[in-house]
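Colleague: I am new to this structure. Please show me how to read a few of its features.

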Amino acid sequence: MADAMNLDSRCYPHYDYDGRRVGRRLFRDALANVGRRGRRRPVRRLSVLVDSYYPNYLELQVELRSEFCQTGHEYVLPASRVPWRSLRVLDLYGCTLGPTAAAAVFGRLETLKMVFCWASLEGLQSMVDAAPNLAGIWLERVRFEGEYAVISKRRVLLRCPAATAAVTVIDCHWTDGLDIDAPGARFLRYTGFLEHFPFGPAPPPGNLEHVELSFCTAPRCANPPSSREAPPRAVFWESIGRFSCLQVLKLKLLDINDIAVRPEEEDVFLKPFPDLKFLELQGSYEVDSHGAAVAIANLLRCCPALQEFHLRCMLVPLLGEPLRKIRLEFELKCFDCFEVRLAKFLVENALVLKEMEVHDGDQRVPDHIHRHLPVWRANSSRRKIKIVGEYHK
């Protein structure tokens, strides 16, 4: 057939079992065939047969792109045709994952990555069920088969084996939420609606240590949540407050105010992260700079063991005109502790800060800060900041 191409590694026996040399020659010849003169029809059917002497190390990467109007439906990869006995990594882009053979067992599959792909929920679940050693799953812009009017209002569940330690879910908005049941997960990366947080009704992973979250809004993401009855702060703290073993937390928010908890609600919503060492917060505020400051204070209060805090936001609005006086209350452990570094940060960045009030027991931190003020002020937009303290005998 003029629109078909068959690639077979067995056509290069003189390279013995040097997979790299065979691969380079195989695809060089394939590209030469596609671009040769006189070829009038594009390749629409592609067959690849790879013979490996070392089956434990087999990887399959399929990336299919079209120049216009690509939907992911143009190409179907039957899961029953992939080398399931020896496949270790399956990396797919721009295609539809077909059904899995009933007898297929992906015993060596460790990594599954799907980007801009289609699949039936049942077919994907069948494949994951047949991969007991699946350590990492990456689903990005994956759409599930079914009538959109129905599937878009349905919250679906994907169960992963106990071996799955890393979960990535990015912009999977074709449904009303994709829940991941991964009891062994230690790492989560999620981009999407706050209400679609993927660790929903299932029991939370007991050893989740590293979480990276980026919450989007309607202009960025299609198919917004069907229900938004609870305020964002309630959904946020209910979602992440269950992970008491976190050590690294990275948050990217459109509006930091969304997660701010008022003092009278702190006992209801705030949850401690006793082991959290690293916190990164990125975002801005649209209406209330005070709310952003409250949200930061909420997070810091919940992280008693915090060692490193990265704040990536619009510093001029956040530390601008509304912030004139700061009160720091803490117990000093050393003169290079986090609280002293926070005071340095505020002195250097708060545009109209006039007074900093420090309550630290009887360690006389204001005296220590005063000795550093000349250097700090040299990096600050302000040159006159009053440091006052209160000592408790």
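The dialogue below takes up a helix, a cavity and some strands in turn.

Modeller: Keep in mind that this is a predicted model.

Colleague: Let us start with the helix. What should I know about residue positions along a helix?

Modeller: An α-helix has 3.6 residues a turn, so residues three or four places apart point the same way. Here, take helix α4, which spans residues 232–240.

Colleague: Is helix α4 mostly covered or mostly exposed?

Modeller: Mostly covered: of the nine residues in α4, seven are buried. The buried residues of α4 are Arg233, Ala234, Val235, Phe236, Trp237, Ser239 and Ile240.

Colleague: Next, the empty space. How is it found?

Modeller: Rolling a probe the size of a water molecule over the atoms shows where empty space is left. In this case, searching the whole structure gives one cavity of 30 Å³ or more.

Colleague: How much space lies in the largest cavity?

Modeller: The largest cavity holds about 50 Å³ of space.

Colleague: Which residues line the largest cavity?

Modeller: Its lining consists of Val169, Asp171, Cys172, His173, Gly177, Leu178, Tyr190, Thr191, Gly192 and His196. By type, the lining has four nonpolar residues, five polar and one charged.

Colleague: Which strand gives the largest share of that lining?

Modeller: Strand β14, residues 187–192, with three residues.

Colleague: Which strand is joined to β14 by five bridges?

Modeller: Strand β12 is, and β12 and β14 run parallel. At the level of residues, Thr168 has Arg189 in β14 as its bridge partner.

Colleague: What else is joined to β12?

Modeller: Strand β9, residues 136–140, is also joined to β12 by five bridges, and these two strands run parallel. The partner of Trp138 in β12 is Thr168.

Colleague: How many residues of β12 are buried?

Modeller: Four of the five residues in β12, which covers 166–170, are buried, and the strand is mostly covered.

Colleague: Last, the open sheet. What is the order of its four strands?

Modeller: The order is β4-β6-β8-β10, and the pairing is parallel. β4 (76–77) and β10 (143–144) are at the edges, each with a single partner strand, so one side of each has no neighbour in the sheet.

Colleague: How many bridges join β4 to β6?

Modeller: Two bridges join β4 to β6, residues 96–97, and the two strands run parallel.

Definitions and conventions. Residues are numbered from 1 along each chain as its sequence is written. This is a predicted model: local features need pLDDT of at least 70, side-chain atom pairs count only at pLDDT 80 or more; totals for chains, interfaces and linings use all residues. Side-chain values use heavy atoms; hydrogens and water are left out. Buried means under 20% relative accessible area, exposed over 50%, partly exposed in between (1.4 Å probe, protein chains only). On a 1 Å grid over the protein atoms alone, a cavity is a set of points where a 1.4 Å probe fits but cannot get out, and a pocket is an open set with protein on both sides within 12 Å along at least five of seven lines; lining residues have an atom within 4 Å of a point. Grid points are joined across faces, edges and corners, and a volume is the space filled by probe spheres set on the points. Ala, Val, Leu, Ile, Met, Phe, Trp, Tyr, Cys and Pro count as nonpolar, Asp, Glu, Lys and Arg as charged, and the others, Gly among them, as polar. Two strands pair if DSSP finds at least two bridges between them.
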